[in-house]
Amino acid sequence: MKKSAKIVVFVLLSVILSGMSVQKVQADVVDKAYEYLLRQTEDSSFWNKVHALEFLCQVGYKSQAETILKRNLEAVSSVPQERIGYFRCLSNAVSNEDERAFYIGKILEVYRSPDSSDKIHAAESLTKLKVALKDYPVVVIPNDTVGNALLQAYVKWGFVYNSVSDSLDYTLLFSALDSENEIDRKIMAYGLSYMGTFDAVHWKKIVSSALAEPLDSPCTVFLLHGAAATCPDKITFKDEIRQIKLRLYNLVVSNDKTNQYEAYVAFGKIGNQEDWSFIKDSFEKGCESNGLISAEGWRDIQSAQAYAILKMNSQQKNSGFTWLDWSVVVVFLLLMLWIGYSSFKQNKTASDYVLGADP
């Protein structure tokens, strides 16, 4: 074999082995992220458990989540607030539509009961499940101005949905987002990430709001997450996505638990290979307690990081060739062209062409 050909083969094998090594590292991180979420389903904080279970459902581990939920359901089925978290998770985990309707019905019972103490949690869960609350009588919390204001904000979010079609009441949605009522505005911004894909016209309005909102506003991370979740096409709107991610990077290094948590979840929906190393390194670094975020909060943030890793990995698999695959193909083609050109330069006679000329 010619010396030049040996060099080419060596370089090509090096690229392939390097790609395999990187892919193994990525697979190891994905495994660690999955195992972390599984451990978090036993966390001492109930809502950390619920978030981990919801993340598992969203990245394709519904059967595992369903098993855990049903094993523990009896212990929480009569506990206010906690029962709502489990009913919501189960409605997302089960594959049978009748079962899903059953668990949504359990939440509706709490929402409509005059004596329930967890109406707000029920309203929040129903809106996250896209239940059209306009189909039910308006519920109030008497003698609790603050609690009732929060409940009505969730009800307004639930009124955005339509039970007979997938269309949204954009007029009501943007009315709340433009409102001077901070509770209505914040809850509607929070709800954006649960509403599904928007059409381009309405999505651009969300993006404009998200990019114009002051970075220290409590609504900013929800608007950015909402813009990420409702994007109709990440490739067509890559410039807008880039601007959204730049703002998310500012929030993900803040000392605010909500900002970090929501930003990492948003990265799971719009992140790509450029963001992979940052999220992987943040996850592997673990909690860095600085006294501003509790240990419980850090564990929840790590769940969001684990979700982002699993979600991005899933999207990468569904997109076909990865950047490593394409790198190997491009290097291979370039080297083959180089071999052809090099051989062409060395061939002097017809015999050289047939037999191959030594350098």
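Select W203 and F237: both residues are buried, a word that here means under 20% relative accessible area, with exposed meaning over 50% and partly exposed in between (1.4 Å probe, protein chains only). The model is predicted, so local features need pLDDT of at least 70 and side-chain atom pairs count only at pLDDT 80 or more, whereas totals for chains, interfaces and linings use all residues. Residues are numbered from 1 along each chain as its sequence is written, and side-chain values use heavy atoms, leaving out hydrogens and water.

Next, consider ring pairs. Rings of Phe, Tyr and Trp (its six-membered ring) pair if their centres lie within 6.5 Å; planes under 30 degrees apart count as stacked, over 60 as edge-to-face and the rest as tilted. This rule gives 18 aromatic pairs. Select F102 and Y103: the pair is edge-to-face because the ring centres are 5.1 Å apart and the planes stand at 75 degrees. F102 is partly exposed, at 48% relative accessibility, while Y103 is buried, with a relative accessible area of 6%.

Return to W203 and F237, whose pair is tilted because the planes lie at 45 degrees, with the ring centres 4.9 Å apart. This pair links distant parts of the chain, 34 residues apart: W203 belongs to helix α10 (residues 200-212), and F237 to the loop between α11 (220-229) and α12 (238-252). Helices (H or I, at least four residues) are DSSP runs, numbered from the N terminus.

Then select Y154, W157, Y190, Y194 and F222, which form one aromatic cluster.

Finally, select K205, which lies over the face of F174, 4.2 Å from the ring centre. A charge sits over a ring if NZ of Lys or CZ of Arg is within 6 Å of the ring centre and within 35 degrees of the ring normal. The charged end of K257 sits over the ring of Y261, at 4.7 Å from its centre.

Technical notes:
Helix = DSSP H or I, 4+ residues; strand = E, 2+ residues; numbered from the N terminus.
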